[in-house]
Structure formats: C-alpha cells, structure tokens
Amino acid sequence: MSRYLRPAARLAASARITTAAPRSLPRLTSSAAFAVSQRRSFADVKGTKDYTVREALNEAMAEELEQNEKVFILGEEVAQYNGAYKVTKGLLDRFGEKRVIDTPITESGFCGLAVGAALSGLAPICEFMTFNFAMQAIDQVVNSAAKTLYMSGGIQPCNITFRGPNGFASGVGAQHSQDYSAWYGSIPGLKVVSPWSAEDAKGLLKAAIRDPNPVVFLENELMYGVSFPMSEAAQKDDFVIPFGKAKIERQGKDITLVSLSRTVGQCMVAAEALKKKYGVEAEVINLRSVKPLDVESIIKSVKKTGHLISVESGFPFAGMGAEILATTMEYGFDYLQAPAQRITGAEVPTPYAQGLEEMAFPSEKLIEDYAAKLLRV
Amino acid sequence: MKTRIIPKLSLRRVSRSLPRATRSSYPGPIIVSARFASGVSQPPGSDYVSFPGAVKSAFTNDLKFTLPSDHPTLPTYRVADQDGNIVDHSFEQDLSEEEVIQLYKKMLMISIMDVIMFDAQRQGRLSFYMVSAGEEALSVGSASVLEKEDVIFCQYREQGVFAQRGFTLHDFMNQLFANKLDKSCGRNMPVHYGSKELNIHTVSSPLATQIPQAAGAAYGLKIQRINDPSLPPRVVAVYFGEGAASEGDFHAALNIAATRSCPVIFICRNNGYAISTPTLDQYRGDGIASRGIGYGIDTIRVDGNDIWAVREATKKAREMALQDGGKPILIEAMSYRVSHHSTSDDSFAYRARVEVEDWKRRDNPLSRLRKYMEAKGFWDEAKEKEAREGTRRDVLKAFSQAERERKPPIRSMFEDVYEELTPELRAQMKELRDHLEKYPDEYELGEYEGGKNSLDS
C-alpha cells in the first residue's frame, strides 16, 4: 500500500491539514437559478469569514491571475456576463480582456485553443458552462491534454485547468445533470479534483492552476451559493490544498462514509442524524481528490470503524463507488466487519419530474437508512 | 483517429508495388481510384489548375490574398418593408385573406403564450421557459411552406414551427407541465417539444447536435426515394441559431450534406445574440450565409422579420433541394432577439433596454404583417383586439387544464430507457408494486394516471 501511495503520502506529510468544520450545514438548494446573494460577512473573533463556494472560486482565480501572468481564463460568457453562474464575476473589470476571454459557442474550439495555449507554455483556465457541454470537447481533454506530455517524450507539458459545474443540478433533465468524476478519473495523465466546501474550492483550484499537469476541476452548481466559514489561513493568497489528500470532515468510530463534492454535505447531515437516533458515530471523509485517490485515509478509517459506505452522485456502473469499494477490498478487506456498500445516483437518465429527480440521487435520509442497516442498529 | 493512418499505409504499399516509371509520372499516392486519378496530371500549357482539390482554378502571377472585405456583404432579400408595403413587385400572393389571417393568428398565439409562460416560470410554476419574441415570422413563415411529410429538426426557439404544423395550445401546455398527456411522458425539460405525427424530432439540449443529424435524415430520405420512387419527394428542414453555427457540428453537417448531396434546408435564425455573446464576438465573416458558399451550398440571406420573404425563400429552397437528386440549401434569416435568452437570463445586464425597445417598436414581425393586412383592408383595430383577447383566453384555459391534469403513469419511469423492459427493470417494477400494495396509506397515488395498476407487467 505504501508503495502505491507514496507520492500522495509525501505530499500529505508536508501539508497543513485544516480542520474547520462548517458552521452551518449546506441546505438543499431547490432551484437551479443562481440568484443567491453574494454577501460576505465581516471577520469574527477567530478570524474566520463566511465565503460562498462561488466567492472562494472567484478569489482563487483572482489571486492566481494576479500572481502569474501566464494564467488566463476563457469560456462562454465568462467575461462580459461574469460567467453563466457568476463565478468569474468582476474578473474582466480587474484583469482586462486579454486575461478574461469570451469565446464563441464552440466547446471543441475554445477547449482546443486552451490546450494549444497550454502546450505553448501558458496556464489557461478553461471554463465549461457545465461539464455536460464539455462532451463536445472531450477529445481535446482526453486525447490531447492528458496524453501529449507522455507522447511528446516529456517535452510538452500541459498546464491547464478545466473547470465548471458537474453532477446533479435541479430541474434540468437528463442531458444537464450528469456526474463525470469516474469518466475523467479513469484517464491516465489527468488529475481530477472535486471540492465540497469553500476552503476546498479555493485551495484545490489554486493548486489545480499551479499544478503543471492538466487538471479537471469538478464543481457543483447547487453548491455555488452555499456559505462556509473560511479560516484565516485559507483567506491568504498562498493557501493551497495538496491533491491526493482527503479530509476527515467528521471524526467517528463506527462507520466510514466516503464521499466527494455535494454528497459530503449530505453525509454530514446523515451522520448527525445517526448520532441522534442511534448513538452511532460516523466518520465522514471528504475525498477532495478523485485522482490521485487517497486510499490511505480510507483504509486508516476503515481500520478504526470496520464499516464502509461510499456516497456519490454518479451512475452506479463502473463509477466512483465501484472504485472505492474495490480499492478498499484490495487493501483493507480484513478490517471490514460487513460487506462495504455504495450509494450512487440511480441507473436511469436523470428524470425531469421533481419527485423522481430527487429519488435519482442520494439523499440524507437514504444515507442514514443504509448506514443504520449496515450497522444493524 | 486510427483509421486516418491506416489508408495512408496501404497507399504506400500500393505505390511500392508499382513499377518505378509509373510511380514517377504520378507523384503522390493518388493511384487508388480511377475517380481521383483522372484529373491529376497537369496538361502542358494549361492555364488553370488541375489539382484534384481545386479544379478550374485559373493560374495567376499576381501574389494577392483574397480579403473578406473585397467581397460586398451578401444582400438581404425582402418582400415587404417595415411598414408592410410590398417592395418586391414580382411577389404574387398565393394565400387567401383567410389564410393570411391564420398565419397571423399563429404568430399572435405563440407571442401571447410566451409572455404568459415566462411569467408562469417566474412564479415558480415550471422550472424553465424560452420565448421566441421577434422570431415569429421566421418560424411560422418557413414552416407554412414545407410539406407535412417533410422532416424537421428544431433547436429550442421554434414554437412557431410546432404551432404552424398543428401543435395545439394543449400540446404545448401538456409538455410544459409534464402531465400524462405530454408526448415525452414528462421526462424532458420544458420547451423540449417533439411530435411524431408532425414529423418533428424532439428538441435536444446540447447545442447544434441536430444539424448533422438533419443531414443524415435527409440522406435517409434520399436513399428511401431511390429505393422506392413511388414515395413523395421529401426534404429535411433544420433550425439553429447563429451561436450554434460556431459549434464544430455545424461545419461537419454542412460539409457532409454537400458531399453526399442531401436534400436538407439549413435555416439559421441569426438574432444577434447567443445568450450574452453578440455576433461580433461570435464570428468575423459575413454572417452564416458566407459559410454556405464556402461549403459549396446554394445560399440566401433573408429578412427574418418579413414573413413573405421567409416564405418565398423557403418555398424556392425546397424546390431547389429536390433538384438534381437532392442538394442542401442554406437560408440565413436575420432578426433580433427581443426577448431574454431564457428564464435563466437577464439580457439587460449586457445590452441597453432602449436598444430592445427600439427594435420592438421599429421592426416587429407581428406589426409588419398587421400593417400589411390593414393596408389590404381585411384587418382592423377591432379584429386585433378580439384576436388578442380570444388567444389570451385560450392560452389561459389550456394552461389551467394542463396544470390540473394528472401525472404520467408510474410505469413510465421504467419504460424507454431501453427499447424493451430489461429483466432487472421488470423486477424493480414488481418490487415497487409489492411495496405500494404493502403500504397503501403511505403514498398518494391518485395524481398518477392509473395509480399502482400501471405497474402490472
């Protein structure tokens, strides 16, 4: 195991682990609209401030644009319109149209342009309005960005960050609500990260922009307006979160809930309910990084709890859950006291009907019930 | 990608097997087929190019690049001016007064429906809506000269096409409210209409995917007719915005349609904005029309606010598309998107309100047709008022009916993921039925068509 994990473990050893727990748990946003207020509160006594995920992403990009003149952002609606989800708000005014670029509606075109710029030594941030539309450009991501360093004999690095909303949304039907974590996670050459909190968003995005490899940065539309406290350290412009290192969002001894992106929040709610109803302490692991995957943290936790459930919003077949369970089985089979379980999105094109849509993705109650069932409480 | 390399290898093998003398007189690996081999060699003293990629291109000893600015902007065809006066004097009206009124009423219907549904979305009664204000003449006009059997692909702003082909207010509302009468069984986002009877493919969210599909559908129609000449001649019409024409799919579609001679009419709605992106950031050439010429496609640009121009151009395009065994035609219809892009957009963030108001007042497809009818003396203020009020009443009636209608049967959530229910899906369906029977008081099944009985296999 240690050989398998060495690079990640080395990074992890040098990392400062932030343990600020969210002050208020994220609510389920019921609307696809992005008209969430952008207010930011003043610093409290401990120096933490509330940031929405949107503000954290915005700050990360602003800081990196400031620090490295090779960084620029391009995509549909990113400049004049401040981004379809307002993530790039104010960047055009601050950095000008040379660094913040509106593109024609050509995913394959602007993604290819960004990859070309990266191959020529720049560090582009390529925003997709959603990763559902990135399908038009996936050849550029998979066949060019991910493989050129290897195929050029190491002479052409591709320092690029692909970012945009991914995974479940609300009320937008089958073609707009898919999770691509497992898709990109399966490609050698790509690094894939997926933030949950505002700190994740800022630290991981800055790390992604600085990382010399192509990074796929999977956000979630429903998280943009959710506020989290941001520690004083995280507010600084040198704050980065290393890849391949998960974060224990909640300590527990009875069951391990491994999750990423928006489902982390759902696991936190389920964990509280499990404690209240059954007196069970669930440990919640926020993976942060899909690839490299922090197997070490998962196994350590399973050693302690003996039970594992993975929670994610992708389709079940050959998904993140399958990967997490298989890896746990390979490295931690003897510590499991019951077969590990996975909670995933439903194997169905995402329905439009609100009730069905809710059932097509993990819910707090579902996680709670499955954990209780697994623990036989 | 791999396939692109393989033919080259086989070519090399072919050329190696040829005697040396033959190879030197035919430079390059072009010996594979007689079709390409014929025009290759340069006859001595020739004054034009005979390369296979550019036949009949005259030689010149003037080093000069062709500049886009050397070409005048393509003209825009119109029949009526902004006040509804006929300016193309060769125009012959082929419709009766009653038929003209019917066209106007269709345009009126979608424009009134749009306002009501936009507000309904704002009230949270549906999740999404897209209006087509400013493009009513374009969609209604072009659809009115296509045959019933013609196949249509839409983008998402073509309510007028659906309405003109016979989609009723009830059909619209049933889809928008995703009730049991919705043809897509409540599975789609609002405005993703589709109709088998009307030969209109279901709207799909990803941009521009419908354009190459339309070329393929047209190719299919062409082959069908070759196999069975008793079939009526049919064309495909495909609608898209100028923003979608930036997608690679658009270019792939035009090229394949031209090379395979597909009877397809590409109808571009150039309304000036793709969400917030103005055309200046979208392209630098002469609109979308200039691209058609580049792909070897017969092209026209028309005034999209002039229903007569749209009708004349589409009529002629259909005729041409069926000539010589079929060929593609491109129509670029110019208009102005008076509305926001969708309910997720507030366009006043990127354009001045006065610009929009100006367009609404100065050149509006509805008022242009209205002025025409008034000048001809078969329409007046009283009729206008009556039509507007009547339409509004009809829309609201269909609205409330559809909103009250029951939801699709529970069974439909298992169906159509695959052509046939798989054994797994059948087992899940049975499990659900058993569950509902075991806990009859826990679920409100009355609002679903057929209740739990729809789950009988």
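Biologist: How far apart do the C-alpha centres of domain 1 of chain A and domain 2 of chain A lie?

Modeller: In this predicted model, the C-alpha centres of domain 1 of chain A and domain 2 of chain A lie 26 Å apart. Domain 1 of chain A spans 47-235 and domain 2 of chain A spans 247-375.

Biologist: What makes residues of domain 1 of chain A count as in contact with domain 2 of chain A?

Modeller: The criterion is that C-beta atoms, placed from the backbone, lie within 7 Å, and 23 residues of domain 1 of chain A are in contact with 22 residues of domain 2 of chain A. On the side of domain 1 of chain A that touches domain 2 of chain A, α7 (181-185), β6 (191-193) and α8 (198-210) each supply at least two residues, and the residues of that side divide into 12 nonpolar, 8 polar and 3 charged.

Biologist: How many residues does each chain bring to the contact between chain A and chain B?

Modeller: Chain A gives 24 residues and chain B gives 28 residues; by class, the side of chain A that touches chain B has 13 nonpolar, 9 polar and 2 charged residues.

Biologist: What is the predictor's confidence in chain B, and where does pLDDT stay under 50?

Modeller: On a scale from 0 to 100, the mean pLDDT of chain B is 89, and 91% of its residues reach 70 or more. Over residues 1-38 of chain B, however, pLDDT stays under 50, and for these residues the model has 18 contacts beyond four places in sequence.

Note on methods:
Residues numbered from 1 in each chain as written. Chains lettered and ligands numbered in written order. Predicted model: local features only at pLDDT ≥ 70, side-chain atom pairs only at ≥ 80, totals over all residues. Contact = placed C-beta atoms within 7 Å. Nonpolar A, V, L, I, M, F, W, Y, C, P; charged D, E, K, R; others polar. Domains from an automatic or database assignment. Helix = DSSP H or I, 4+ residues; strand = E, 2+ residues; numbered from the N terminus.
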